[in-house]
Amino acid sequence: MASADPAAHAPVNPRLHLAAILLLLLATLLALAAPLQAAPRIGVATMQPGEIFFERFGHNAIIVDDPALPEPVSYNFGFFDMEEPDFAWRFVLGDMRYRLVALPLSQDLAYYREVGRGVSVQWLDLDPAQAQALSEALALNARPENAVYRYDYFTDNCSTRVRDALDATLGGALERRLASRSRGNTYRGDAVRLASPAPWMWLGFDLGLGPAADRPNSLWQDAFVPMRLADALSGMRLDDGRPLVMDIEEVLPHRLPPEPVEAPRPWWPWLLAGLVLAAGVRAWGRRRPSTVAAVALPFWALGGVLGLVMALLWGFTEHRFAWANQNLLLLSPLGLLMLPGGWRIARGRETGALFRVLAWILAAGAVVALFLHLLPVLPQRNAHWIALLLPLHVALAWTLGARRRH
């Protein structure tokens, strides 16, 4: 009969038994903790406005800090290529193409550090499943076949893309919180405010935007401005009451002038200027109509060109916030037809009936603009332009549009 294995009857060492149990517990804890350690940390980077015209509105990006990667990744929806053969034409037609680019955070920050634009990151309190799902969705979106999107200044830009990605991760909670609240801001108000350091830019927005830009926005719509989105995220609470933003980190200091503050724009100084100009036209027109006509020529030329541009934006482009622009009643393409008659008056000659009719049509258009503004519906916020240009159009028609006698 074979002898039994001596080790089978050897006494068990209690220390070895305890060590085995501890090793088993440690392995179990590590296995349970592995998914938590692998979940990325999600942040929203907000870049302050810059000095170049397309940087006036600020910028933002989603930061994915994955421990499996050597450094955080910035998912930036604001890339475009001016060297594309059809970029300028698409810009004119309102059919711009932007794309999402994933790049190392340090590389993305290098430009903002160089030009002095401040950057802060709001780290979000997402659960591991949400963070992982957002990370995977962004990686999929950043693939070349998915990265390009059709850009719109107000409704589909770099900031609204960040907003929408976060809202999808939160199951629509962000839109539910923000869509029913408003501070009374408008697309025009924020556009003019942020463009105000560049006079040509704020004038372009203010003259070129139609009534669609003057409807009061919800906080959800306000998020087309990156700084507005950052404010909304800071005030956001999750369903269990926890703040969505658990920490704010200033990554780069802002060394440029601060974002323009909100301020009301009274119309009465514009009316005062319009009345002064109208009085000058009447006073000089009685004695020196040729001088008044010579001064009015550039006004009619500029107004006619601006009116032609506004008409083309409405009729032939996808810039839908420029459609139905009531400033066409104040700055009309008909101003270009005033130039031959105005030139004749400037040379001391008599003008024809067409000039007189056109002068009063321009004045009547300004009166119609005032009537539309006073209607009990949401008006276009152009009271200041009406206050400035209505007295001037009437004075020019009254002074130069009257039949003259030799």
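# Briefing: cores, helix packing and selected residues

The buried residues of H8 pack against helix H7 (187-195), helix H11 (268-287), H12 and helix H15 (383-400). Buried means under 20% relative accessible area, exposed over 50%, and partly exposed in between, with a 1.4 Å probe and protein chains only. This is a predicted model, in which local features need pLDDT of at least 70 and side-chain atom pairs count only at pLDDT 80 or more, while totals for chains, interfaces and linings use all residues. Residues are numbered from 1 along each chain as its sequence is written, and side-chain values use heavy atoms, with hydrogens and water left out.

**Overall make-up**

- The protein chain has 15 helices and 7 strands. Helices (H or I, at least four residues) and strands (E, at least two) are DSSP runs, numbered from the N terminus.
- Of its 406 residues, 44% count as buried.
- Take the contacts between residues at least 6 apart in sequence: 77% of them join residues at least 24 apart. Contact means heavy atoms within 4.5 Å.

**Helix H8**

- H8 covers residues 199-208.
- Its buried residues are Met201, Trp202, Phe205, Asp206, Leu207 and Gly208.

**Nonpolar cores**

- The largest nonpolar core has 36 residues. Such a core is a set of buried Ala, Val, Leu, Ile, Met, Phe, Trp, Tyr and Cys residues joined through side-chain atoms within 4.5 Å.
- Helix H5 (residues 158-169) gives the most to this core, with 4 residues.
- A second, separate core has 32 residues, including Trp202, Leu207, Ala212 and Ala213.
- Ile62 and Leu166 have the most contacts inside the largest core.
- Ile62 touches Ile42, Gly43, Val73, Ser74, Tyr75, Leu134, Leu138, Val162, Ala165 and Leu166, leaving aside neighbours within four places in sequence.

**H5 with H10**

- The axes of H5 and helix H10 (residues 226-234) come within 9 Å and cross at roughly 25°. Axes are lines fitted to C-alpha atoms, for helices over the stretch in contact, and angles run from 0 to 180 degrees between N-to-C directions.
- H5 is therefore roughly parallel to H10. Angles under 35 degrees count as roughly parallel, over 145 as roughly antiparallel, 65 to 115 as roughly perpendicular and the rest as oblique.
- The crossing is left-handed: the near helix is turned anticlockwise from the far one by less than a right angle, whereas clockwise would be right-handed.
- H5 supplies Ser159, Val162, Arg163 and Leu166 to the contact, and H10 supplies Pro226, Leu229 and Leu233.
- By class, the contact of H5 with H10 has 5 nonpolar, 1 polar and 1 charged. Ala, Val, Leu, Ile, Met, Phe, Trp, Tyr, Cys and Pro count as nonpolar, Asp, Glu, Lys and Arg as charged, and the others, Gly among them, as polar.

**H12 with H13**

- Helix H12 (residues 289-316) packs with helix H13 (residues 339-346) at about 155°, with axes 7 Å apart.
- The two helices are therefore roughly antiparallel.
- H12 passes H13 in a left-handed crossing.
- On the H12 side, the contact is made by Pro289, Ser290, Ala293, Ala294, Leu297, Trp300 and Ala301. H13 contributes Leu339, Gly342, Trp343, Ile345 and Ala346.
- This contact has 10 nonpolar, 2 polar and no charged residues.

**H12 with H15**

- H12 and H15 pack at about 135°, with their axes 11 Å apart.
- That makes H12 oblique to H15.
- The crossing of H12 past H15 is left-handed.
- H12 uses Pro289, Val292, Ala293, Ala296, Phe299 and Trp300 here, against Leu389, Leu392, His393, Leu396 and Leu400 of H15.
- The contact of H12 with H15 holds 10 nonpolar, 1 polar and no charged residues.

**Selected residues**

- Ala324 sits in the loop between H12 and H13. Ala324 is partly exposed, at 32% relative accessibility.
- Ala324 has a positive phi of about 55° although it is not a glycine. Most residues other than glycine have a negative phi.
- Glu51 lies in the loop between strand S1 (41-47) and strand S2 (59-65). Glu51 counts as exposed, at 53% relative accessibility.
- Beyond four places in sequence, Glu51 is in contact with Arg56 and Leu256.
- The C-alpha atoms of Glu51 and Ala198 are separated by 8.9 Å, with the residues 147 apart along the chain.
- His373 is in helix H14 (residues 353-374). Not counting residues up to four places away, His373 touches Pro379, Gln380, Arg381, Asn382, Ala383 and Ile386.
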